Structures are given as C-alpha cells and as structure tokens.
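Here is a friendly walk through one model, with the cut-offs spelled out along the way. Please keep the viewer open as you read.

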Amino acid sequence: MTDLLNSPLWVLISASALAVLFAHAALLKAADRELLLHHLAGYGIPVGVRGALAHVVIAVEGVTAAALLSPWRSVGAWLAAALLGIYALAMALQLVQRRVIDCGCGGQALPVSWVLVLRNSLLMALAWMASQSADMRDLAWIDFWVVMAAVLLMVVLYTAIHQVLMQQAMLRQRLFSGSL
C-alpha cells in the first residue's frame, strides 16, 4: 500500500486536480468581484474588510494553483488544505447558526450544507496526497496521459456532484415554497 501511495502518479493527479479547482475558483472570483463581495457579506465579513479580503482570496487561490504545478507543490498543497479548511469552517459556522446563504462556490447559487463541508474535507485529503514526497521517477509519456485523463475524470465527477447538489437545493426550495 505504501508503494501505491508513494507513486508519483497519485501525487501528480492530486496536485493537478487541485490546481484546476483553485485556478477555476480564482478566475470566477476575479471575473465577478461584486459577487465575491456579496458572498463575503453573506458570511458576515465587515464592510471595511471585504475589498481587501476579496483581493487576498483571489491572489491566494491563484498562487495555490500555480504552486501546485511547480517545484513548490508541497507549499501549494498546504495552502490548498488551509483554504479548504477555512472554507469548510466558515460553512459549518453558518450551518450551526442556522443561516442559509450561498456557499460562494461559483456558478449558480448553492446553499451551504453539511455535504459541502464534507466535500471540502475530502478535498483536504486530496491536498494531503498532493503534499507527499513521492519517488519522482522518470515519467513516460503514457504517465502524462494517465494524469490528464484522471484529472479530466475528476473535473467531470466534481461538476456532476455540484450539479446534483444544485438540483437538490432547487427541489428543496420548491417543496418548501409550495411552488411544486
């Protein structure tokens, strides 16, 4: 089992998948900074701090994505784990306070839920995998195709789960509003 976890493919797949996730998140937030400010308000961030925090979040997510694909991969992995943990904690606090807000995950509105907290916890495990110092043997061209295919599969799976969660939220909203 140790040999399997020490494989450079697992490390590269984990790091690449997280890099795609954080690059996408940073780009979405940079493209619609007003929406990011709205999400920060929903989480109760004071007005005077929101603008600076928005810049920091976008920058740190972008740096995280870049670091995950660089020789500083382990730093990027720990940044990813820290961000995911902070986001999970922020969502959990909202749930404990029984506040229903948009998670700020990008795209259509998705209310915070314990499933999203669990998702971030699982992504933190992926960050741990990306932080490992695997035996970076000489990789063959087929290894790069395996990494690309695995990352593509993870992106499709992540997107599908996100869509299911959005559909569940919309159905729940219709049921409780009586518009079904």
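## The disulfide

C105 is partly exposed, with a relative accessible area of 26%; buried means under 20%, exposed over 50% and partly exposed in between, using a 1.4 Å probe and protein chains only. This is a predicted model, in which local features need pLDDT of at least 70 and side-chain atom pairs count only at pLDDT 80 or more, while totals for chains, interfaces and linings use all residues. Residues are numbered from 1 along each chain as its sequence is written, and side-chain values use heavy atoms, with hydrogens and water left out.

Which residue does a disulfide join to C105? The partner is C103, with an S to S distance of 2.2 Å; the rule asks for a pair of cysteine sulfur atoms within 2.5 Å. By this rule the model has one disulfide. C103 counts as buried, because its relative accessibility is 7%.

## Two nonpolar cores

A nonpolar core here is a set of buried Ala, Val, Leu, Ile, Met, Phe, Trp, Tyr and Cys residues joined through side-chain atoms within 4.5 Å. The largest one has 21 residues, and L18, F22, L68, A80, L123 and A130 touch the most other members. Two or more residues each come from helix 2 (8–31), helix 4 (47–68), helix 5, helix 6 and helix 7 (141–177). Helices are DSSP runs (H or I, at least four residues), numbered from the N terminus. Helix 2 gives the largest share of this core, eight residues.

A second, separate core holds 14 residues, including Y43, A88, C103 and L165. Back to L123: leaving aside residues up to four places away in sequence, L123 touches L18, L21, L84 and Y158, where contact means heavy atoms within 4.5 Å.

## Helix 4 against helix 5

Helix 4 and helix 5 pack at an angle of about 140 degrees, with their axes 7 Å apart. The axes are lines fitted to C-alpha atoms, for helices over the stretch in contact, and angles run from 0 to 180 degrees between N-to-C directions. The two helices are therefore oblique to each other: under 35 degrees counts as roughly parallel, over 145 as roughly antiparallel, 65 to 115 as roughly perpendicular and the rest as oblique. On the helix 4 side the contact includes V57, V60 and T64, and on the helix 5 side it includes R73, G76 and Y87.

Not counting residues up to four places away in sequence, T64 touches F22, G76, L79, A80 and L83.

## Helix 3 against helix 4

Helix 3 and helix 4 pack at an angle of about 115 degrees, their axes 10 Å apart. That makes helix 3 roughly perpendicular to helix 4. R33, L36, L37, L40 and A41 in helix 3 meet R50, G51, L53, A54, H55 and I58 in helix 4.

H38 lies in helix 3 (residues 33–42) and counts as exposed, because its relative accessibility is 54%. H38 and G104 are 66 residues apart along the chain, and their C-alpha atoms are separated by 8.9 Å.

## A loop residue to look at

R98 is found in the loop between helix 5 (73–96) and helix 6 (114–131). R98 has a positive phi of about 60 degrees although it is not a glycine. R98 counts as exposed, because its relative accessibility is 75%.
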